[in-house]
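Me: Hey, I'm new to this one. Can you walk me through it?

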Amino acid sequence: MNDSPVVIGALLCLTLTGCFAKIHDLPAQPKDAAALFAPLEDQELLVGLAVSGGGSRAATFAAGALEALAETSVQQGAARRSVLETVSYMSSVSGGSLATAYYIANKPPRAEPMLTGEGLSPRYREFFSGYKTAMQTNFQERGVVRQLAYFRAFNPTKLAYSLSEVWDAQFLHDMTFAQVYEREHRGDIPRVILNGTVYNSGRRFAFTTLPAADFDYDFIDILIDELKKPDRPVPVTPEGMAIIQKGLDKASRQFLPLTFERVGADYRNLRLSLAVATSASFPPVVGPVTYRIEGSPTYMHIGDGGLFDNLGTESLTTLFLKKIPQGSTKRGLIIVIDTSFPFDAGGPELDGNDKGFQVFREDPSRIVGIMEERANTYQTLLWHSLRTQGVVLPDFAHLRIVVLKHVDAEWTGYQDLPESCRKDFSTDVTPKQIQQAVSVIPTLFKIKTPCHGDLLLKAARKVVEQYRHRIVGFLEAK
């Protein structure tokens, strides 16, 4: 029997598709050892940034928003400081995780002030210039080139590794979670949470040095106590309470995130770039990334955090609710940098398209988006209902959420456009048409045109200014 066709076929498979699965093995946590990362003390005022998914669109808008927040000053005590200097936590998804990782890896140390009497300090001006440029790199092209160079072509799992290696080579420099914690401990950067989704169970996965216990907000007991009150307009029977409690217990398990600490992994040497690539993995194009802990037979397949929560808000909200219990003097502000693709932006194209499947071929995430729209609607109804009844959630004076969305920027017309966009629009363009152009910037790991990048950066500056009074007002409130 001639084995040469089999050999040739095997070589071709390895060359063109990278047949073998790639498993990222992690050591088990040392038994009876202290926590890998010791807890750090909190301030009375907690400020968090939630940075949404959306590929390079999200990363570019986030870089512009962080620069605008850095330039915004707030009075705290006898001193004025940058709003960005008050941020103690960052939680991100997908493209937002790339922007977050660049920020924590390259941000100047705490001793370097962000603001001087003339605005941003020279070192921060240089930092943000490089930041905005880096987020507009064509990572898709560089990732594919690396795939071909290392014989990984057409293997989506290995594309996640290729992207992580590109990011390490360009600006993350093989930074590990142990090094992230060193910067957090010195106060150089906020505490970081990169969000993924575990495909095995559908649960959120938090890549973070924070203790797993920080996310254990026990809202079940609070809600049950409220439902048991005898003066409720609609009393709940014992039978009804048993059904409710069973359902809530299941919900609480689903909403508590998994972490490497919780599953017993030693992730001190895990590269930050691979966590970013995991958070951004959207099969079948990229990922998922498969992790296995030494001594465990279980494989954990982790991918796009946007499948669970595309804004990165749930990790921060759970964390803040745990740290700001009812009656606490602590206060919290969550600033959401939302560059998620507006679901209705694809509506006009579908309205005039007689080939319905074409839109899904060009934008496969739209299928997931339908479920996300429905989930977000129910979440909004639930949280507003709980907030207005004073149940589970702190009042508005103790916990505030401000959303900075790229499509909410208020444009005035042609003269308001960045110079790079003037040739792409007629002189009688309306603010609504500019807003629509911003809304359809695609979800890719590249910025297709200089105009797209400049539109996002200007939109970020506009939206921060539009909501500046809410942010500064909360931070300066006694």
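This is a predicted model: local features need pLDDT of at least 70, side-chain atom pairs count only at pLDDT 80 or more; totals for chains, interfaces and linings use all residues.

Me: Is Lys405 buried or exposed?

Reply: Lys405 counts as buried because its relative accessible area is 16%, and the cut-off for buried is under 20%.

Me: What does Lys405 touch?

Reply: Leaving out residues up to four places away in sequence, Lys405 touches Phe61, Asp338, Ser340 and Val463.

Me: Let's switch to Asp309. Where does that one lie?

Reply: Asp309 is in the loop that runs between strand 11 (299-304) and helix 12 (313-323).

Me: Which side chain of opposite charge is nearest to Asp309, and how far away?

Reply: That's Arg204, 5.7 Å away. Asp309 is buried yet has no salt bridge.

Me: Which backbone nitrogens lie by the side chain of Asp309, then?

Reply: The backbone nitrogen of Leu311 is 3.1 Å from a polar atom of that side chain, and for the backbone nitrogen of Gly312 the distance is 3.2 Å. Not counting residues up to four places away in sequence, Asp309 also touches Val93 and Glu314.

Me: New topic: the largest nonpolar core. How many residues are in it, and which touch the most other members?

Reply: It has 101 residues, and Tyr131, Met135, Trp167, Phe207 and Phe260 touch the most other members. Helix 2 (residues 55-71) gives the largest share of this core, 9 residues.

Me: What does Phe207 touch?

Reply: Its contacts, not counting residues up to four places away in sequence, include Phe177, Val192, Phe260, Leu270, Tyr291 and Ile302.

Me: What about a second core?

Reply: There's a separate one of 16 residues, with Leu46, Ala206, Leu319 and Leu399 among them.

Me: Zooming out, how many helices and strands does the chain have?

Reply: It has 18 helices and 13 strands. Of the 478 residues in the chain, 50% are buried.

Me: Last one: what share of the contacts between residues at least 6 apart in sequence join residues at least 24 apart?

Reply: In this chain, 77% of them do.

Definitions and conventions:
Residues are numbered from 1 along each chain as its sequence is written. Side-chain values use heavy atoms; hydrogens and water are left out. Helices (H or I, at least four residues) and strands (E, at least two) are DSSP runs, numbered from the N terminus. Buried means under 20% relative accessible area, exposed over 50%, partly exposed in between (1.4 Å probe, protein chains only). Lys and Arg count as positive and Asp and Glu as negative; His and the chain ends are not counted. A salt bridge is a side-chain nitrogen of Lys or Arg within 4 Å of a carboxyl oxygen of Asp or Glu. A polar contact is a pair of N or O atoms within 3.5 Å; within protein, one must be able to donate a hydrogen and the other to accept it, and residues adjacent in sequence count only if both atoms are side-chain atoms. Contact means heavy atoms within 4.5 Å. A nonpolar core is a set of buried Ala, Val, Leu, Ile, Met, Phe, Trp, Tyr and Cys residues joined through side-chain atoms within 4.5 Å.
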